[in-house]
Amino acid sequence: MTLTIEVSGLQVRYGEAVALHDLSVRLPGGRIYGLLGRNGSGKTSLLSTLAGFRKPSAGAVVIDGQPVFENPQITRRVCLIQEGGGVGDDTDTVKDAVQVAQRLRPGWDAQYAATLIDLFELPLRKRIGELSRGQRSAFAATVGLASRAAVSMFDEAHLGMDASTRQAFQDELLRDFIARPRTIIISTHLVEEQSPLFERVLILREGRLLLHEDLDELRAQGVSLTGPAATVDDVVAGLTVLNQQQLGPTKSVMVYGALDDARRAAAEAAGLELGPVAVQDLFIHLTEPTGAAR
Amino acid sequence: MNRPARRWPIAYLLLTTHLPFLVFCLAGLLVVAGLVLGGVAVFGAVRISALDVGGQLLRWLALGYGYYLLRTMLPMVLVHGRTRREYLCQVPVFQLITTGVLAGATTLGYAAESLLYRAAGWPHQLAEARLYSDTTDHLVIFASYWMMLLGWMATGSFLGAAFYRLRAGGVLALPVALLLLAVNGLSNGVLSLPFIKLDLLPQDLGVPAALTLGAASTLVAVGLCWLLARDMPLRTRTS
Amino acid sequence: MFDERSPIYRQIAEQIKTDVLRGVLGADEQIMSTNQYATYYRINPATAAKAFQQLVDEGMLYKRRGIGMFVSATAQQMLRAQRRERFFADVVQPMVAEAHAIGIPVVDIVEHIQQSAEAKGEAQ
């Protein structure tokens, strides 16, 4: 069974500082979502509230029709793994920490946990505090996957993993998602590497939801136009310009949104060079702070 | 899983894994007390109960462990899908049982020590004025230790919650904790902290009144801990 | 694996079409399932499903309920027809424009093409 997440008017404040402003979004279950945004854009605040780690300062976070915070019916079906773990006591061995997880988490899959520990080559007898950063992340990922929670969230859980461990984690995540559809949210900066896993992406900027779209739609969203400066400026007038660069008389402009037929025809007639924009570039320019030159 | 494991998973987990550890710590303490006793017996005259001196260290164990329960265990339990309410309801149950077991084991220690002292011909006296009148006042020894350990563990948890939630602001909780421990001290004699020694003369108060005050201070500690922890946000990198 | 600039589902659809065109995938041959495709290429299964749906809509694939997706009998023919239609616009015209820009006479191009064709034994 998959659970739908509904966030309405969510605000998260830390004293005077506002991390999330009036955020509303509906996330139907059974999909993999990518949560993107720069550091400080509110990703961790959002995920923490979704997991019931933090009470909303205002607004509501509802999963399967019920508020999340301090609701045992929901929290046991939700799992958030954060960078650096926090999934076990540093003085416990890996084996003991797995025992603790098994006894606390209803739905824990002990066999799957054992498989993952083998896969990530984690030393069962070593204490959590003695693991390397990569091993800690791999152990946290193990807990996140073996918890088999209907809503599984990973907040930069890949940090510290080397490339091959990261790959193994992603493959396992995808395999398990296919075998047991559920809601997965992954927050990451590795847009190029991880975005193929996502069905939809959410981008946060300065505590607000900038966009929520199908990944494949986003891939089709950017267009770059290159040609004589004046001509380029004419064609892109009125469009959302993400970035522009000028080299001598030639100007290159990145716009957000597909070109309509009239503009495309005008651009082609004027001999402009049209090209697509990489998701990573779209992401970088979309999430630029509002104060920066646009 | 059996029934208590399903209904009280947190208390059950702690009772089956942490209680044995704490009993192990107590056993270690007894061994150390025994060694010191041996040393004193060789180089001087034994006059007072070694356990009555060493047993006082137990409260520090209780305080530190209570702190750990909130500072380290609570966040971990939340990560595994449990709620603060579940934890804060089950932990006092665990604390009540655990401190009872530790107090019981200590009382047995006093009884065993009496036999040893009698065999060796040493006088078995208390180290300081206590709520219990002598080393054979077993019922009061048990009650006094239970109340002491429970109060100190609950106060430790209160401090754990304060330092987790308020970070450095947790120092504000220290005077409150000190007051709670002073009141609790009535149930076991004197409050002796490093640099502080209050002579509270519990005998003048009477056993029922001292235990009632101890229980009250424990309840206040549990209540304060609840207030701090019931909606405590988990610490995260704020990004 | 995938070019980061265009929708993945379109790239998958193109790959499958190329395989059909070259005969790697024959008529009525079963193709990988959405999930196999997703696992193999490390992409979201919904993305793979979208590519397959597009090919079904175009008549390149057909579904057999409970079994899977198959290449339709006419797929290769349709693709050849489509590519033929686009050949002059997509391949020849840009070549002629490029030749014009760098000063290669059309006669030279024709001659070169004839030589290549003879080498392949297809001269008429």
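Biologist: In β7(A), which residue is the bridge partner of Q82(A)?

Modeller: Heads-up, this is a predicted model: local features need pLDDT of at least 70, side-chain atom pairs count only at pLDDT 80 or more, and totals for chains, interfaces and linings use all residues. Residues are numbered from 1 along each chain as its sequence is written, while chains are lettered from A and ligands numbered from 1 in the order in which they are written. Strands (E, at least two residues) and helices (H or I, at least four) are DSSP runs numbered from the N terminus. Over in β7(A), Q82(A) has as its bridge partner D155(A).

Biologist: And how many bridges join β6(A) to β7(A)?

Modeller: β7 covers residues 151-155 of chain A, and β6(A) runs parallel to it. Strands pair if DSSP finds at least two bridges between them. For β6(A) and β7(A), the number of bridges is five.

Biologist: Which strands are the edges of that sheet?

Modeller: The sheet is open, with six strands of chain A in the order β6-β7-β8-β3-β9-β10 and mixed pairing. Neighbours in it are turned by 15° against each other on average, direction ignored, using axes fitted to C-alpha atoms (for helices, over the stretch in contact) and angles from 0 to 180 degrees between N-to-C directions. Two strands pair on one side only, and these edges are β6 (78-82) and β10 (208-214) of chain A.

Biologist: Which pair of chains shares the most contacts?

Modeller: A contact here means two residues whose C-beta atoms, placed from the backbone, lie within 7 Å. Chains B and C do not touch, with their nearest C-alpha atoms 27 Å apart. Of the two pairs in contact, the one sharing the most is chains A and B.

Biologist: Which element supplies the largest share of the side of chain C that touches chain A?

Modeller: On this interface, 17 residues of chain C are in contact with 19 of chain A. At least two residues each come from α1 (8-21), α2 (34-41) and α3 (45-57) of chain C. The largest share is four residues, from α3(C).

Biologist: What percentage of residues 91-112 of chain B is helix?

Modeller: An unreviewed UniProt entry lists transmembrane regions in chain B, including 91-112; positions use the numbering here, feature names are shortened, and annotations may be inferred rather than shown by experiment. The end C-alpha atoms of residues 91-112 lie 31 Å apart. Strand is 0% there, and helix is 100%.
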